[in-house]
Amino acid sequence: MIRLWKYLPSFILWILVFYFLSERAIFRYQHMGAGVDIGLFENIFYNLIHTGKAITSLGLDGNLHHYFADHINWFIFPISIIYYFFPYIESLLILQALILSFPILIFPYFENQKSYHLIYPLLYALFLPIYWIHIFDFHPEVLWIPFFFLFYLFWKKQSKIWILFFLLSLLTKEETCFVWIVFSYLQRKMYPKESLFITLISVMYFIIAIGLLILFHDKFQTNSPAHLERYKDPFTALSNFHLFPYLILFLSLPFLFFNFKHQLMYCLFPYLIYSILSKFEVNKTPFTHHSFITIPIVFLSYIEIVENLDENRKKIVLRISLLISIFLFLFYGPISKSYSYRKEFMNRSVSNSDYLTLRKLLPNESIVSNIPQYLSNRKEIQLYLPNQTYSADYYVRYRWGKESSDQNPPSDYQLQSFVENHIQIFTRKKID
């Protein structure tokens, strides 16, 4: 019984973070604050259930493509089973909240010390990137976060269970292979056999992943795949370099940059190159899901350094880290307007009746829309982009605030009806 009480602080903290993440994300979604990615994944899950194919028309150019033409993440298949039984966007957000908050329950198993039972769980609960990941909709690759924590837990305890979580983490996204190759290099002297195993599996899996990306790209897409498109314009990539310090700042400031003193941080060198060379702004800020790969590595690097300090210095460092984390959480976290990243705070002025209307609108019909993430529970859904040709039977336009209603629809569509004056439904013109 005494031993169970030691886990109670982290368990209570986990409940609070899990609920808070779930409630805030659902509130944002139901008040028309979601982005396109959550619609993309719902559409993939819907098509997996109804057609057996991980396909969607939501993407860079609006063309039908297979998810494996962009990224290799095998967890879309088990998640689609969850979606089959709970076919709601809210179920995906709750699942992601569970994934992101789960490391809080892992820390106490590393060591039987107060820092692991309370301080590190609290630092994680205040860590802003996990909240910014969650407001940017849903991404199955965040499974990497608890998997890496669990891997490192069993690696440190020299339990063979680390193999399971190493393999599971590889399946979250193809780019994780580079992390493991660097990790195996760092461990080669102390664990030569294990390092060789990690290297061989990582290299082989990366070759397979690249082969699948090429195969599905050639089969479904005519444009450059997303994983190559970001490297096409190095000048734009360099022009956005001013955003990169914010990424380092928000990832490391709560840890007083102590994390950089540990060799585990070398595992993020491929991520550093990837972020610098990408022309997309989202790869250079801590405000999106793209920072997922850094979170367990930054955290564990900090812990390894702090735990090797003398007791007095350790207490000082932990107290300062907590103060900085609390300050950042209050002024840049979910409580502040900055949390929504260039959007009105949680869109409170928008009623959730719009979300309910859209979810039931034109069931099973093919639609193109400026808010496809609210109409993605069907086989065919496209994001409206100017100067594009569409094959959908309907065009649904959502008017934001005081936005004018007389904007021109795609030329192939004509107005059919209004829903509460700000949801316009256009039907495809009949050809005589």
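Reader: How many aromatic pairs does a search of the whole structure find?
Author: The search finds 61 of them. Keep in mind that this is a predicted model.

Reader: Take phenylalanine 75 and phenylalanine 147. Why is that pair tilted?
Author: The ring centres are 5.5 Å apart and the planes meet at 45°, so the pair counts as tilted. A stacked pair would need planes under 30 degrees apart, and an edge-to-face pair over 60.

Reader: Where in the chain do those two sit?
Author: Phenylalanine 75 is in the loop between strand S2 (65-66) and helix H3 (76-85). Phenylalanine 147 belongs to helix H8 (residues 144-156), 72 residues apart from its partner, and the pair links distant parts of the chain.

Reader: Buried or exposed, those two?
Author: Both phenylalanine 75 and phenylalanine 147 are buried.

Reader: Which residues form the aromatic cluster?
Author: Its members include Trp144, Phe148, Phe151, Tyr152 and Trp155.

Reader: Stepping back, how many helices and strands does the protein have?
Author: It has 18 helices and 7 strands. Of the 432 residues, 56% are buried.

Reader: Which residues touch the most other members of the largest nonpolar core?
Author: Phe151, Tyr302 and Leu358 do, in a core of 127 residues. H8 gives the largest share of this core, 11 residues. There is also a second, separate core of 6 residues, with Val368, Tyr390, Tyr395 and Phe426 among them.

Reader: What is tyrosine 302 in contact with, leaving aside neighbours within four places in sequence?
Author: Tyrosine 302 contacts Tyr120, Leu123, Phe255, Phe258, Asn259, Val317, Leu318 and Ser321.

Reader: New topic, helix H7. How many of its residues are buried?
Author: 8 of 8, across residues 128-135. They include Pro129, Tyr131, Trp132 and His134.

Reader: What follows H7?
Author: Aspartate 137 does, and its phi is positive, near 70°.

Reader: Now strands. Which residues are on each side of S5?
Author: Tyr394, Val396 and Tyr398 are on one side, with Tyr395 and Arg397 on the other. Both faces are covered, and these residues are all buried. In a regular strand, side chains alternate between the two faces of the sheet.

Reader: What does S5 pair with, and in which sense?
Author: With strand S3 (residues 367-369) the pairing is parallel, over 3 bridges. There, valine 368 has tyrosine 395 as its bridge partner in S5. With S7 the pairing is antiparallel, over 5 bridges, and tyrosine 394 has threonine 427 in S7 as its bridge partner.

Reader: How many bridges join S6 to S7?
Author: 6 bridges join strand S6 (residues 413-419) to strand S7 (residues 423-428), and the two run antiparallel. Tyrosine 413 is opposite arginine 428 in S7.

Reader: And what lies between the strands of that hairpin?
Author: There are 3 residues between S6 and S7. In this hairpin, glutamate 420 takes a positive phi near 55°.

Methods: Residues are numbered from 1 along each chain as its sequence is written. This is a predicted model: local features need pLDDT of at least 70, side-chain atom pairs count only at pLDDT 80 or more; totals for chains, interfaces and linings use all residues. Side-chain values use heavy atoms; hydrogens and water are left out. Buried means under 20% relative accessible area, exposed over 50%, partly exposed in between (1.4 Å probe, protein chains only). Helices (H or I, at least four residues) and strands (E, at least two) are DSSP runs, numbered from the N terminus. Rings of Phe, Tyr and Trp (its six-membered ring) pair if their centres lie within 6.5 Å; planes under 30 degrees apart count as stacked, over 60 as edge-to-face and the rest as tilted. A nonpolar core is a set of buried Ala, Val, Leu, Ile, Met, Phe, Trp, Tyr and Cys residues joined through side-chain atoms within 4.5 Å. Contact means heavy atoms within 4.5 Å. Two strands pair if DSSP finds at least two bridges between them.
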